[in-house]
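This report covers one protein chain, residue by residue where that helps.

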Amino acid sequence: MSKWFAFSWLCAVLCVGGCQNLPTSQEIERKHYAPFERDLGISAVSRVGNQLYLSGIVGSGEDMSAQLKSCYQTISDILADYGTDTRAIVRETIYTRDIDKLKTLQDERKAFFAHGNYPSATWVQVERLYLQEFLIEVEVQVLLPVQGDN
């Protein structure tokens, strides 16, 4: 038996055992919060079991402060739809066109996590976002409470 065949066979066996637990499209809930999402072919929210993924959350406003507050308000509204709040956020990624400006908004960001339980976070400066007027985009990963948990 060649090494390549043995490796291929092992990969196939591992996939058969491990792939059985992959979610099917019926087990992935996708929710649209804005009409443009369907036009672009995206979902702002995807849920698999008790994990909730929010991405592409942008805000409105003339400056980064206003856009950040708007992003966080949208995230809060979505979390409320799922019966939770910012304490359930375990991971946050912020994409910004101006990382130095974002650094000056620490107090506004911390206010969003008023309970003081901050998620793991990554901030990335990018050249531009989907629309030129967007200064910031946020994505978060949420761990929803399991039925019966307090």
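## Glu-29

Glu-29 counts as partly exposed, at 35% relative accessibility; buried means under 20% relative accessible area, exposed over 50%, and partly exposed in between, with a 1.4 Å probe and protein chains only. The model is predicted, so local features need pLDDT of at least 70 and side-chain atom pairs count only at pLDDT 80 or more, while totals for chains, interfaces and linings use all residues. Residues are numbered from 1 along each chain as its sequence is written, and side-chain values use heavy atoms, leaving out hydrogens and water.

Glu-29 sits in strand S1 (residues 28-31). Helices (H or I, at least four residues) and strands (E, at least two) are DSSP runs numbered from the N terminus. Not counting residues up to four places away in sequence, Glu-29 touches Val-45, Ser-46, Arg-47 and Tyr-82, where contact means heavy atoms within 4.5 Å. The side chains of Glu-29 and Tyr-82 are joined by a polar contact. That term stands for a pair of N or O atoms within 3.5 Å; within protein, one must be able to donate a hydrogen and the other to accept it, and residues adjacent in sequence count only if both atoms are side-chain atoms.

## Asp-63 and Thr-86

Asp-63 lies in the loop between S3 and H3 and is partly exposed, with a relative accessible area of 40%. Thr-86 is in the loop between helix H3 (64-81) and strand S4 (89-96); Thr-86 counts as buried because its relative accessibility is 7%. Leaving out residues up to four places away in sequence, Thr-86 touches Ser-76, Leu-79, Phe-112, Phe-113 and His-115.

| Site | Partner | Distance |
|---|---|---|
| Glu-29 side chain | Tyr-82 side chain | 2.8 Å |
| Thr-86 side chain | His-115 side chain | 2.9 Å |

Glu-29 and Leu-52 are 9.3 Å apart in space and 23 residues apart in sequence; for Asp-63 and Lys-101 the values are 10.0 Å and 38 residues.

## Core and pocket

The largest nonpolar core has 26 residues, of which Leu-54, Ile-75 and Val-142 touch the most other members. Such a core is a set of buried Ala, Val, Leu, Ile, Met, Phe, Trp, Tyr and Cys residues joined through side-chain atoms within 4.5 Å. H3 gives the most to this core, with seven residues. Apart from neighbours within four places in sequence, Ile-75 is in contact with Leu-54, Ile-57, Ile-89, Phe-112, Val-138 and Val-140.

Which residues lie nearest the centre of the largest pocket? They are Phe-36, Ile-42, Gly-56, Ile-57 and Val-58, from a lining of 17 residues. Helix H2 (35-40), strand S3 (51-58) and H3 each give two or more residues to the lining, and S3 has the largest share, four residues. On a 1 Å grid over the protein atoms alone, a pocket is an open set of points where a 1.4 Å probe fits, with protein on both sides within 12 Å along at least five of seven lines; lining residues have an atom within 4 Å of a point.

## Overall fold

The protein chain has five helices and six strands, in the order α-β-α-β-β-α-β-α-α-β-β. Of its 150 residues, 30% count as buried.
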